[in-house]
Amino acid sequence: MEILENIPVEINITEIKRRLHITRDVDLNLAQQLIEESSSLIEAKALYKICYIEEKLENAVRVDGLSFKSKVLRKNLDGVERIFPYVVTIGAKFEEEMRNNPDLLKKFYLDTIGTLALTSARKYLEAHLRSKYALGKVSFMSPGSLSDWPIEEQRPLFELLEDVDNAIGVKLNNSLLMIPAKSVSGIYFPTEITFFSCQLCPRKECMGRKAAYSESLAKEYGVLE
Ligand code: SF4
């Protein structure tokens, strides 16, 4: 198990403007002020493990005795032997500040700042994996991002990673959501063509969309809804 601590995060103000539909200077100044005030509360950490696939079944893979059931994950791991399960978080302090802020507008802005900080931390992990393990392209999938790989699959993922709470302070609640909520989990794997779950997700108007929906790809993966 590997732990990365003190991950530097970068918050892109242009992306903040886009996501929050900011057009006025006064709102941009508020966003900038909140970034400055909250940056010391961000404690980004990552935990990951290097695992080898034991068995490839029709719509599942087995890793360290645990089954991960997903047609999409199985297809993505066709030519892959080594995977990198992970959890990344920006920690509890930022979330506490956001939750306790009585100003709804500031709370809303902080939520987006936290999301972008978390994305930045995940990208740092991605760059670390690519450089340390001499990987070319990598892609990732997260439990709960597609109905094909539901949130219940957090259980085997956290079991695989062992004591995530002790290592980086992230635990699952009864609904299998991560606490702190500004955390992400999943599996990184090497790919020849970059894959995004968004390509198979028909949800409209999602600010987090990373790639356009492709009906033909959804058909190819056998998950056309
Ligand atoms: S489009 Fe949005 S909801 Fe769908 S997978 Fe991408 S980020 Fe998630």
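Ala211 is partly exposed, because 14 other C-beta atoms lie within 10 Å. On this scale a residue is buried if 20 or more other C-beta atoms lie within 10 Å of its own, exposed if 12 or fewer, and partly exposed in between, with C-beta atoms placed from the backbone. Ala211 sits in the loop between strand E10 (183–191) and helix H8 (215–220). Helices (H or I, at least four residues) and strands (E, at least two) are DSSP runs, numbered from the N terminus. Leaving out residues up to four places away in sequence, Ala211 touches Phe196, Cys198 and Gln199; two residues are in contact if their C-beta atoms, placed from the backbone, lie within 7 Å. Phe195 is 16 residues from Ala211 in sequence, and the two C-alpha atoms are 8.9 Å apart.

The model is a predicted one: local features need pLDDT of at least 70, side-chain atom pairs count only at pLDDT 80 or more, and totals for chains, interfaces and linings use all residues. Residues are numbered from 1 along each chain as its sequence is written.

Cys198, a contact of Ala211, also belongs to the surroundings of the ligand. By class, the shell holds three nonpolar, three polar and two charged residues. Here Ala, Val, Leu, Ile, Met, Phe, Trp, Tyr, Cys and Pro count as nonpolar, Asp, Glu, Lys and Arg as charged, and the others, Gly among them, as polar.

The protein chain as a whole has eight helices and 10 strands. Its C-alpha atoms fill a box of roughly 55 × 40 × 35 Å along the principal axes. For 225 residues, a compact globule would have a radius of gyration near 17 Å, and the 18 Å of the protein chain agrees with this. That radius is taken over C-alpha atoms, and the globule rule is 2.2 Å times the number of residues to the power 0.38. Of the 225 residues, 34% are buried. Among contacts in the protein chain with a separation of 6 or more, 72% are between residues 24 or more positions apart.

Helix H6 (residues 154–161) has Gln154, Leu157, Phe158 and Leu161 buried. Seen down the axis of H6, these buried residues fall within an arc of 95°, so they line one face of the helix; the arc is that of the directions from the helix axis to the C-beta atoms. An α-helix has 3.6 residues a turn, so residues three or four places apart point the same way. The buried residues of H6 pack against strand E2 (45–48), strand E6 (82–89), helix H7 (164–168), strand E8 (171–172) and E10. Just after H6, Glu162 has a positive phi of about 65°.

Helix H5 (residues 104–132) contains Leu118. Leu118 counts as buried because it has 22 C-beta neighbours inside 10 Å. Beyond its neighbours within four places in sequence, Leu118 is in contact with Val88, Ile90, Lys182 and Val184.

Strand E3 (residues 51–56) has zero of its six residues buried, so it lies largely in the open. E3 pairs with E6 in the antiparallel sense over two bridges, and two strands pair if DSSP finds at least two bridges between them. In this pairing Cys51 stands opposite Ile83. E3 is also joined to strand E4 (residues 60–63), antiparallel, by three bridges, with Lys56 opposite Val61. The hairpin from E3 to E4 passes through three residues.

Some backbone angles remain. Most residues other than glycine have a negative phi, and most peptide bonds are trans. Ala134, in the loop between H5 and strand E7 (137–141), has a positive phi near 50°. Ala134 counts as exposed because it has 7 C-beta neighbours inside 10 Å. Leu176 has a positive phi near 65° and lies in the loop between E8 and E9. Its 16 C-beta neighbours inside 10 Å are why Leu176 counts as partly exposed. The peptide bond from Ile179 to Pro180 is cis, with omega near -5°, and Pro180 is found in the loop between strand E9 (178–179) and E10.

Key
A residue is near a molecule or strand if its C-beta atom, placed from the backbone, lies within 6 Å of it.
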